Amino acid sequence: MILLVMGGILFYIGFKVGLLGYLKTKLFNRRFWKEYPWVELYT
C-alpha cells in the first residue's frame, strides 16, 4: 500500500512537471517565431 501511494505521488509530480515543461516550450517557440519568422525551429 505504501509503495502504491508513493508511486502515485511520484507519477503525479512527474506528469505535472512534464506537462508544464511542454507548455512552456510551446509558448516560448510561438513567441520566438513571431519575433524571428525567418528562423526555422525543428521540434
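**Rings and surface**

Trainee: Which helix do Phe11 and Phe15 both lie in?
Mentor: The two are 4 residues apart, about one turn of the helix. Helices are DSSP runs (H or I, at least four residues) and strands likewise (E, at least two), numbered from the N terminus. This is a predicted model, where local features need pLDDT of at least 70 and side-chain atom pairs 80 or more, while totals for chains, interfaces and linings use all residues. Residues are numbered from 1 along each chain as its sequence is written, and side-chain values use heavy atoms, leaving out hydrogens and water; the pair lies in helix α1.

Trainee: How are the rings of Phe11 and Phe15 arranged: stacked, edge-to-face or tilted?
Mentor: The structure holds 1 aromatic pair. Phe11 and Phe15 make it, at 6.2 Å centre to centre with 20° between the planes. Rings of Phe, Tyr and Trp (its six-membered ring) pair with centres within 6.5 Å; planes under 30 degrees apart are stacked, over 60 edge-to-face, the rest tilted. So this pair, at 20°, is stacked.

Trainee: Is Phe11 buried or exposed?
Mentor: Buried means under 20% relative accessible area, exposed over 50%, partly exposed in between (1.4 Å probe, protein chains only). Phe15 reaches 51% and counts as exposed. Phe11 has 60%, so the call is exposed.

Trainee: What share of the chain's residues count as buried?
Mentor: The chain has 1 helix and 0 strands. Leu4 lies in helix α1 (residues 2-35) and, at 64% relative accessibility, is exposed. Of the 43 residues, the buried share is 2%.
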